[in-house]
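Welcome! Please take a moment to look over the sequence and the 3D structure below, and then we can walk through some of its details together.

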Amino acid sequence: MEDTLLLDKRTQSLVEDYVPEGEILDGIVCFFSIFADSTRVRILSALAITEMCVTDISRVLDINQTTVSHQLRLLKNVGIVKSVRCGKVIFYSLKNDTVNDVLLKGVEFLGY
């Protein structure tokens, strides 16, 4: 028995064109995997308010400095946060507001 698609050709074409593949799919998965860790979400939420150094993030969020540094390095490597050195202190901030928009959409989706 032959499987018959119930979709019309136009809709099928739209789905085939819209669903990401390859490098785009990998990038989307990488981006959203950032939000799968509660420590990273807390750090990103704090950085959405103001730029901060590792010491301040650690104290305000009550997270070990080594953990904060590790997570910031990961976030910087994937291009979500940026850093600026001011003397001996490095300040971190969100690279753009899109990350904050995603966080806010998550809160909105959950109804909080």
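## A guided look at the helices

Gly79, which follows just after helix 5, takes a positive phi of about 85°. Helices here are DSSP runs of H or I with at least four residues, strands are runs of E with at least two, and both are numbered from the N terminus. This is a predicted model, in which local features need pLDDT of at least 70 and side-chain atom pairs count only at pLDDT 80 or more, while totals for chains, interfaces and linings use all residues. Residues are numbered from 1 along each chain as its sequence is written, and side-chain values use heavy atoms, with hydrogens and water left out.

**The annotated region**

- An unreviewed UniProt entry places the feature "domain: HTH arsR-type" at residues 20-112. UniProt positions are given in the numbering used here, feature names are shortened, and annotations may be inferred rather than shown by experiment.
- Residues 20-112 are 62% helix and 15% strand, and the end C-alpha atoms of this span lie 30 Å apart.

**Helix 3**

- Helix 3 covers residues 38-49, and its 12 residues should span 16 Å at 1.5 Å a residue; the end C-alpha atoms are 17 Å apart, which agrees. The expected span is 1.5 Å times one less than the number of residues.
- Which residues of helix 3 are buried? They are Thr39, Arg40, Ile43, Leu44, Ala46 and Leu47. Seen down the axis of helix 3, its buried residues fall within an arc of 160°, so they line one face of the helix.
- Buried means under 20% relative accessible area, exposed means over 50%, and partly exposed is in between (1.4 Å probe, protein chains only). The arc is that of the directions from the helix axis to the C-beta atoms.
- Ser38 and Ile49 are exposed on the other side of helix 3.
- At the start of helix 3, a side-chain oxygen of Asp37 comes to within 3.0 Å of the backbone nitrogen of Thr39.

- Helix 4 (residues 54-61) has Val54, Ile57, Ser58 and Leu61 as buried residues. They cover an arc of only 100° around the axis, which puts them on the same side of helix 4.
- The buried residues of helix 4 pack against helix 3, strand 1 (52-53), helix 5 and strand 3 (89-94).
- Arg59 and Val60 are exposed, on the face of helix 4 turned away from its buried side.
- Asp62 sits in the loop between helix 4 and helix 5. Its phi is near 55°, a positive value in a residue other than glycine.
- Is Asp62 buried or exposed? Asp62 is exposed, because its relative accessible area is 70%.

**Helix 5**

- The 13 residues of helix 5 should span 18 Å at 1.5 Å a residue, and its end C-alpha atoms are 18 Å apart, which agrees.
- Val68, Gln71, Leu72 and Leu75 are the buried residues of helix 5. Seen down the axis, they fall within an arc of 100°, so they line one face of helix 5.
- Helix 3, helix 4, strand 2 (81-86) and strand 3 are included in what covers these buried residues of helix 5.
- Thr66 and Asn77 are exposed on the face of helix 5 turned away from its buried side.
- Asn64 caps the N-terminal end of helix 5, with a side-chain oxygen 2.6 Å from the backbone nitrogen of Thr66.

- Leu75 lies in helix 5 (residues 65-77), and it counts as buried because its relative accessibility is 0%.
- Not counting residues up to four places away in sequence, Leu75 touches Ile34, Arg40, Ile43, Leu44, Ile80 and Val81. Contact means heavy atoms within 4.5 Å.
- Leu75 and Ile43 are 32 residues apart in sequence, and 9.7 Å apart in space from C-alpha to C-alpha.
- Gln71 counts as buried at 8% relative accessibility. Leaving aside neighbours within four places in sequence, Gln71 is in contact with Asp37, Thr39, Arg40 and Ile43.
- The side chains of Gln71 and Arg40 are joined by a polar contact of 3.2 Å. A polar contact is a pair of N or O atoms within 3.5 Å; within protein, one must be able to donate a hydrogen and the other to accept it, and residues adjacent in sequence count only if both atoms are side-chain atoms.

**A salt bridge**

- Side chains of opposite charge can pair when their charged atoms come close.
- The side chains of Lys105 and Glu108 meet in a salt bridge (3.6 Å, N to O). A salt bridge is a side-chain nitrogen of Lys or Arg within 4 Å of a carboxyl oxygen of Asp or Glu, and by this rule the count comes to one.
- Lys105 and Glu108 both lie in helix 6 (residues 98-110), three residues apart, about one turn of the helix, and both are exposed.
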